[in-house]
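Hi everyone, thanks for coming. Let's take a look at the model together, starting with confidence and then moving on to charged pairs.

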Amino acid sequence: MADVKAAPGPLFSESYKRAVLTTLTLVYTLNFIDRTIVGIIGQPMKESLGITDNQLGLLGGLAFAALYTVLGVPIARLAERWSRVNIMAVCITLWSGFTALCGLAPNFAAMLAFRVGVGIGEAGCSPPAHSLISDYYEPQRRASALAVYAFGIPLGGMLGAIFGGLIAQFVGWRAAFFIVGIPGVLVALALKLVVKEPPRGHSETPAHPVLPEDVTPEEDAAAPPRSFAQEIAYEAHELGAVGARIFGTWSFLNMTLGVTLASFAGYGAGAFSSPYFIRSFGLGLALVGVLFGIIGGISSGSGTLFGGFVTDWLRRRSTAWYAIVPGIGLAIAAPIYMAAFTRTDWRVAAWILLLPGIFQYTYLGPTFGVIQNAVETHRRATATALLFLFLNLIALGGGPPFTGWLIDQFAQFNFTHPGAHPIWSSLSRMFLHGEAAGTAFSDLCPGGVPKQGIAAALTGACKPTLVRATQEGELVTFFFYGWGALHYFLAALTLPRDLRRAAAERGEAPA
């Protein structure tokens with residue numbers, strides 16, 4: 001009879017796990033400061049470098065997302081075998097260095113290259129971090145733990161907005177890149193000193209005693225080395241297996257589509273929220289930074305934590321709540337955002353913006369937790385990398401350029417077709433009836449600033465045209481929240497069954 005290997009007991013205290021989670025959240029906070037700072041200092045960059053909103057969207061979106069999403073997969077595969085802590089420490093140092101270099105960019109091309117470098121480094125953050133958190137926290141607490149980690153998104157957005165805006169206004173936008181980039185070395189050191197590499201699958205509850213034959217190839221030190229061809233075949237098999245689980249299962253696929261569409265709206269609209277307040281109300285960078293910092297910290301932060309802890313509590317009734325809560329949240333958030341961006345007083349708009357993030361960001365913890373619970377312990381970093389590949393290539397890579405492109409199109413159309421006409425009328429005339437928008441606005445108002453020597457009447461039209469176009473681009477983008485909500489509701493139909501099946505296939509007790 002085969003010897004039974006007892007399930008390992010807990011190796012880490014609750015206080016130590018909290019210290020680990022706090023450190024990883026700090027890393028993700030720095031990640032998001034460096035990633036999103038372009039949004040808060042975009043207006044002075046646009047004027048200084050003489051770029052369009054489409055190019056500004058590329059700097060905040062596709063330039064970052066291109067290699068961030070692609071390299072996330074091979075880095076995740078390394079993280080399945082090697083030290084996740086070491087990989088993250090190296091990547092933190094890399095992205096922080098490129099962030100500082102952005103402050104030296106003399107033109108759009110150089111800035112584009114440096115933003116690509118930031119994306120390369122940040123590719124090594126969340127896949128290893130999600131895998132580490134899943135080994136520290138059991139399935140029933142993962143949505144909450146990953147929500148705490150995801151709190152780095154609004155916290156990073158808040159700090160980047162407040163200090164980035166203040167630095168950009170009083171020192172200059174180039175200095176903002178230096179100041180937020182340099183601390184990365186200290187954060188990498190803190191990660192190495194605090195976080196230990198846990199055993200793979202440490203937090204799982206096996207459904208049956210662990211037998212020697214249950215040991216995975218990763219754990220079997222006596223397993224013969226694979227040839228290069230065998231290694232390629234193995235990696236392809238692993239990627240295919242994880243991809244089939246996420247994209248081939250109804251609930252997991254719809255949650256992936258839901259988080260992608262919600263993030264598409266969030267990244268797209270977020271990239272031009274600060275420019276909208278600057279353009280529409282004439283506010284300074286420092287004030288706008290403080291406004292969006294407070295809004296992000298209170299509203300988005302509350303929603304992120306609320307979504308994780310509430311869904312972990314509601315899962316006692318049904319794991320379908322992991323999808324239902326985000327669906328409800330996104331459906332509520334969309335009209336509130338629209339109400340805020342149609343106010344004529346910035347104070348009223350700012351107060352309204354304290355509300356939608358509480359509902360919008362409920363999707364982060366539950367979605368990340370479900371994806372981690374959907375796959376085996378040795379495939380978790382890969383699952384996050386594939387999710388982020390799909391999510392960020394479309395959302396982060398496409399959201400800001402899409403909204404920027406919309407703004408450019410509305411600006412060109414409104415400049416050549418002056419007069420009051422509803423937003424849907426403009427969309428219909430531009431895209432259904434093929435009325436040309438032309439290039440008059442970008443030619444006569446580069447960067448939204450009147451070109452020297454143009455007629456006075458045209459000079460006065462530049463600013464109101466850009467203000468109106470920015471509002472219209474934001475409003476169209478908000479509709480993607482509703483689309484994302486639909487997919488979360490579709491996911492809820494089969495999520496309990498799919499999670500039970502995934503747990504059974506892993507030989508674990510259902511989460």
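Which helix has the lowest mean pLDDT among the elements of the chain, and which the highest? Helix α21 (residues 423-432) has the lowest, 68, and helix α16 (residues 321-340) the highest, 97. Here pLDDT is the predictor's confidence in each residue, from 0 to 100, and helices are DSSP runs of H or I, at least four residues, numbered from the N terminus. The chain's mean pLDDT is 84, with 87% of residues at 70 or more.

Some housekeeping: this is a predicted model, where local features need pLDDT of at least 70, side-chain atom pairs count only at 80 or more, and totals for chains, interfaces and linings use all residues. Residues are numbered from 1 along each chain as its sequence is written, and side-chain values use heavy atoms, leaving out hydrogens and water.

Now the salt bridges, meaning a side-chain nitrogen of Lys or Arg within 4 Å of a carboxyl oxygen of Asp or Glu. The structure holds 15.

My pick is E80 with R200, at 4.0 Å from N to O. This pair links distant parts of the chain, 120 residues apart: E80 sits in the loop between α4 and α5, R200 in the loop between α11 and α12. E80, at 2% relative accessibility, is buried, and R200, at 17%, is buried too; buried means under 20% relative accessible area, exposed over 50%, partly exposed in between, with a 1.4 Å probe and protein chains only.

Terms used: Helix = DSSP H or I, 4+ residues; strand = E, 2+ residues; numbered from the N terminus.
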